[in-house]
Amino acid sequence: MEAPLYPDVPTDPFTPRGGQPAFWVGPRHLAGDDGCLYDVVADRLAGLGWTSLTIVRGRHEPDEVPEDRQVLRSTVLHISPDTLRWAQWVLADEPFHLGDLPIAWQISARADTSSPFAQWSAYFTPDVPGEAVADLLVALDARDQPAMPLAGPELVLDAVAAHGWIRDIDQPQAAATDPTFTSHISLGEVPPLIQDADPRALTTEADETGTAGWQAWAEPALGARCLWAASFGGSVPHDLVAAFAASLSTTAPVLPEATRERLLRAPAD
């Protein structure tokens with residue numbers, strides 16, 4: 001059951017002087033991104049010393065003033081100092097979809113600088129909690145070798161189980177869900193278009209099983225449109241997925257402006 005974090009506190013939200021109402025809310029996996037998914041992640045990357053580049057594509061006529069230029073597509077690319085890892089904001093660049101939701105962030109890494117191709121990629125739609133994406137990137141930044149696997153898939157399930165998530169009764173070694181059966185994480189065949197260095201991701205026939213990667217999503221009601229979705233290519237190291245999963249499933253409340261009826265709320269101090 002869900003109940004207010006502090007039942008003795010009045011239900012009216014704390015309103016900073018001149019500001020909007022602010023709430024502590026939980027669980028994080030249903031808190032959304034507060035419309036700030038880019039800012040939350042980009043600010044963390046800036047703090048890590050990553051370089052950002054804006055890529056703009058559009059139509060520019062001779063003698064046209066800058067403010068009249070027609071911009072067709074625009075992305076922002078963030079690159080680590082060693083250039084082995086990068087994160088790209090692609091929401092404005094005609095992205096493909098996961099669960100009928102457009103991709104917002106694509107995170108990739110390569111083994112060394114001799115190849116321009118990513119060893120693995122992970123994808124996140126809008127409303128994925130920005131804190132979870134940022135924590136994944138902090139773990140990625142701390143790795144000396146961003147493409148080398150260091151642990152097995154059990155690490156991911158242990159991370160969510162530590163926060164009260166329940167292992168799937170039919171797939172206890174490959175799937176788990178939160179106690180309200182709203183959010184899920186599962187190791188299985190990756191969706192189409194998920195890029196990975198494993199050649200099976202590109203050569204799988206219709207009747208064959210492709211590479212296995214982690215998928216996570218929130219489905220507020222059975223059969224309803226997903227609130228958010230995340231997909232990890234088969235070569236994404238499990239410890240990085242575990243960093244995302246641990247942050248996603250944490251019981252610590254976060255502070256977006258949210259009014260979803262399923263969220264726990266208490267005035268922010």
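Me: A crossing of helices is left-handed if the near helix is turned anticlockwise from the far one by less than a right angle, and right-handed if clockwise. Is the crossing of α3 and α5 left-handed or right-handed?

Reply: This is a predicted model: local features need pLDDT of at least 70, side-chain atom pairs count only at pLDDT 80 or more, and totals for chains, interfaces and linings use all residues. Residues are numbered from 1 along each chain as its sequence is written, and side-chain values use heavy atoms, with hydrogens and water left out. Helix α3 spans residues 154–161 and helix α5 residues 238–249 (helices are DSSP runs of H or I with at least four residues, strands runs of E with at least two, both numbered from the N terminus). The crossing of α3 and α5 is right-handed.

Me: How do the axes of α3 and α5 lie relative to each other?

Reply: The two axes come within 8 Å and cross at roughly 10 degrees (axes are lines fitted to C-alpha atoms over the stretch in contact, with angles from 0 to 180 degrees between N-to-C directions). Angles under 35 degrees count as roughly parallel, over 145 as roughly antiparallel, 65 to 115 as roughly perpendicular and the rest as oblique. The helices α3 and α5 are therefore roughly parallel.

Me: Which residues of β8 point the way opposite to Ser121 and Tyr123?

Reply: In a regular strand the side chains alternate between the two faces of the sheet. In strand β8 (residues 120–124), five of five residues are buried (under 20% relative accessible area, with exposed over 50% and partly exposed in between, for a 1.4 Å probe and protein chains only). Ser121 and Tyr123 point one way, and the other way point Trp120, Ala122 and Phe124.

Me: Which residue in β13 is the bridge partner of Phe124?

Reply: Strand β8 pairs in the antiparallel sense with β7 (residues 105–109) over five bridges, and Gln106 stands opposite Tyr123 there (strands pair if DSSP finds at least two bridges between them). With β13 (residues 228–232), β8 also pairs in the antiparallel sense, over three bridges. In β13, the partner of Phe124 is Ala230.

Me: Where is Asp127 found?

Reply: Phi of Asp127 is near 75 degrees, a positive value in a residue other than glycine. Asp127 lies in the loop between β8 and α2 (130–142).
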